[in-house]
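Please keep the sequence and the model at hand while reading.

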Amino acid sequence: MRLSRPLIAFLLLGFAALSPLRALAQSTSPYTVVVPVSDTSEAQRDQGFATALAQVLARVSGGQDLRSKPGYADALKHAPGMVQQYQYQRGTGTPPGLLLQATFDSGAVRRAITQMGASSAGVKPPVLLVVRDAGGKLLGQGALAALASAAGQRGYSVVYANAAALPDPAKLAAADPAALAVVTSQYHTGLVLLGQLKQGGADWTLVSGGKTQQWTDQAPGTDILLGNAGNAMADRVGRQLNVIGGGTVEGKLWVSGLNSAMDYANMLATLRADPSVLKATTLGAQDDGALLDVKINLPLSALAADLTANGRLLQAPVHDGADVSLRWLH
């Protein structure tokens, strides 16, 4: 083939040394969640653990709604037993609220999902938030708390844009491949939510796998607008990614943009790391592309959506002999 180119509790007594919220919420692990609590009593702590576990279960099951599954309520009741570590911290509001960060045992979470009889769709990548206020200022974590909270309750984590590590917003909104490659490199995701707040409303663009969706919303307050956006984003991403297969599907996948043997190796590793892929065999290569025979437990269109959400691949024009065509991003 030629390719062309067990439990650790951190209770900070008196909260005298509490640092800002941004220091608490840097973890992108799907097993770590931050939730508000009213005090440090055992009852409030355990309720916080249950709230946090609900978010983790949704994340690790790929955004599936598990609430009707047998064993779900029992899992939340036993949430304290799944916690590996936790800590309290003050928020940034006025007055500052109290927050609880909890990290759950990954094995215990996965076992709970399996015992519910749910099929895991895999942990989804975070959604990059690129939201500006009416004056054009890029908003950060504190200002976007309502959006992040709504997304978290639906099982989606978020990351916040850094103006110094962000491509041209217009190109990003147009799903320009070079702009998306920058996002992949800097933020490790192919999911981007762009928002422009305005008086009484907001315009939104969701970029997923090189495809865009736009909508406009109106609401009486900013937090309502942001909460609506988090739910709307989760609905749209969920329709693309939360597809559970009913059997084995076999088809042909074409991947272009493979400019080196390293690109080819990384593409294969990405493909085989997807939990829906049962087998992937290369059939041949031409120019900068490779044709693969894949056996999966999802429809081919759902596989394409899943792969492109991680940011390394984009949807591409149809290639002869292939059921699905994708492009590798560098």
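In this predicted model, strand β10 (residues 249-256) and strand β14 (residues 324-328) pair in the parallel sense, over 4 bridges. S256 stands opposite R327 of β14. β10 also pairs with strand β12 (residues 289-296), here in the antiparallel sense and over 7 bridges. In this pairing W254 has L291 of β12 as its bridge partner.

Strand β12 also holds D293. Is D293 buried or exposed? With a relative accessible area of 13%, D293 counts as buried, because the cut-off for buried is under 20%. The side chain of D293 makes a polar contact with the side chain of K252, at 3.5 Å. K252 is also one of the residues that D293 touches when residues up to four places away in sequence are left out.

Next comes an open sheet of 5 strands. Its order is β6-β5-β7-β8-β9, and the pairing is mixed. The edge strands are β6 (158-160) and β9, each of which pairs on one side only. Direction ignored, neighbouring strands of this sheet are turned by 25 degrees against each other on average. Within the sheet, β7 and β8 pair in the antiparallel sense over 8 bridges, and L191 stands opposite S208 in β8. Helix α5 packs on the sheet, where it touches β5, β6, β7 and β8. The direction of α5 makes about 155 degrees with that of β6.

Helix α8 (residues 222-241) can be checked for its length. At 1.5 Å a residue, its 20 residues should span 28 Å, and the end C-alpha atoms are 28 Å apart, which agrees.

Which residues of α8 are buried? They are L225, L226, G227, A229, G230, A232, M233, A234, R236, V237, G238 and L241. An α-helix has 3.6 residues a turn, so residues three or four places apart point the same way. L226, A229, M233, R236 and G238 are among the buried residues of α8.

What do the buried residues of α8 pack against? Their partners include the strands β5 (127-132), β7 (191-198), β8 (201-208) and β9 (211-218), and these strands belong to the sheet with the order β6-β5-β7-β8-β9.

Key: Residues are numbered from 1 along each chain as its sequence is written. This is a predicted model: local features need pLDDT of at least 70, side-chain atom pairs count only at pLDDT 80 or more; totals for chains, interfaces and linings use all residues. Side-chain values use heavy atoms; hydrogens and water are left out. Two strands pair if DSSP finds at least two bridges between them. Helices (H or I, at least four residues) and strands (E, at least two) are DSSP runs, numbered from the N terminus. The expected span of a helix is 1.5 Å times one less than its number of residues. Buried means under 20% relative accessible area, exposed over 50%, partly exposed in between (1.4 Å probe, protein chains only). Contact means heavy atoms within 4.5 Å. A polar contact is a pair of N or O atoms within 3.5 Å; within protein, one must be able to donate a hydrogen and the other to accept it, and residues adjacent in sequence count only if both atoms are side-chain atoms. Axes are lines fitted to C-alpha atoms, for helices over the stretch in contact, and angles run from 0 to 180 degrees between N-to-C directions.
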